[in-house]
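Try each task before you read its solution.

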Amino acid sequence: MEQIKIRFGNHIEAPATEDKSFEEMFQSVNPIFCFSKRIWRPQMDIFETRDKIIIQAEMAGVCRDNMVIELSDKAVKISGVRKSSQPDPTATYRLAEIQFGRFERVLYLPSVIDMENVSASYANGFLELKLGKQLNKNYAPEHKMPIDFL
């Protein structure tokens, strides 16, 4: 069974946000107007349980080798490329909704991650990351105190 590669680090950079360009407006109307490579954003869900944060990413058509996962204690960056499988270069598109090319998502996590408790799986076009939460080492159990009602 192949392993998914995860890079651990201290800092993850978010992609620069840009306003919609003239090109992007026409790209949504007709893919022929695409003059440069666009970055698409796979759809993702993030949820948490008592002890884990779980991220699911819809990555249909992306090979494991074309996927990079970078993880810091407070963020995760999933990037890579989905290669086009154009059946015939002479074909005329009537509808083109599937995005190909580079993709990148940076998610800021709601809790600090335990870097020793991380796992990833990829099946049926879905990537799933399970990230253990860092337990607060300075956590003191709640003390019960008597309360006097006047």
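Predicted model: local features only at pLDDT ≥ 70, side-chain atom pairs only at ≥ 80, totals over all residues.

## Exercise 1: Trace a network

Find which residues are linked with Glu-104 in a network of salt bridges.

Step 1. Start with Lys-77. Its side chain and that of Glu-104 meet in a salt bridge, at 3.9 Å from N to O.
Step 2. Locate both ends. Glu-104 is in strand 6 (residues 101-108), and Lys-77 is in strand 5 (residues 75-82). They are 27 residues apart, so the pair links distant parts of the chain.
Step 3. Now take Arg-102. Its side chain also forms a salt bridge with Glu-104, at 3.8 Å from N to O.
Step 4. Join the pairs. Lys-77, Arg-102 and Glu-104 form a network of salt bridges.
Step 5. Check the cover. Glu-104 is buried, with a relative accessible area of 12%. Lys-77 is buried too. Arg-102, at 44%, counts as partly exposed.

The general idea is simple: side chains of opposite charge can pair when their charged atoms come close.

## Exercise 2: Explore around Asn-117

State where Asn-117 lies and which residues it touches.

Step 1. Asn-117 lies in strand 7 (residues 113-123).
Step 2. At 36% relative accessibility, Asn-117 counts as partly exposed.
Step 3. Leave out residues up to four places away in sequence. Asn-117 then touches Lys-130, Leu-131 and Gly-132.
Step 4. Compare sequence and space for Gln-134. Asn-117 and Gln-134 are 17 residues apart in sequence, and 8.9 Å apart from C-alpha to C-alpha.

## Exercise 3: Step back

Describe the protein chain by its helix and strands, then by its buried residues and contacts.

Step 1. The protein chain has one helix and eight strands. Along the sequence the pattern is β-α-β-β-β-β-β-β-β.
Step 2. Of the 150 residues, 26% are buried.
Step 3. Take contacts between residues at least 6 apart in sequence. Of these, 63% join residues at least 24 apart.

Technical notes:
Residues numbered from 1 in each chain as written. Heavy atoms only, no water. Salt bridge = Lys/Arg side-chain N within 4 Å of Asp/Glu carboxyl O. Helix = DSSP H or I, 4+ residues; strand = E, 2+ residues; numbered from the N terminus. Buried < 20%, exposed > 50% of the residue type's maximum accessible area, 1.4 Å probe, protein only. Contact = heavy atoms within 4.5 Å.
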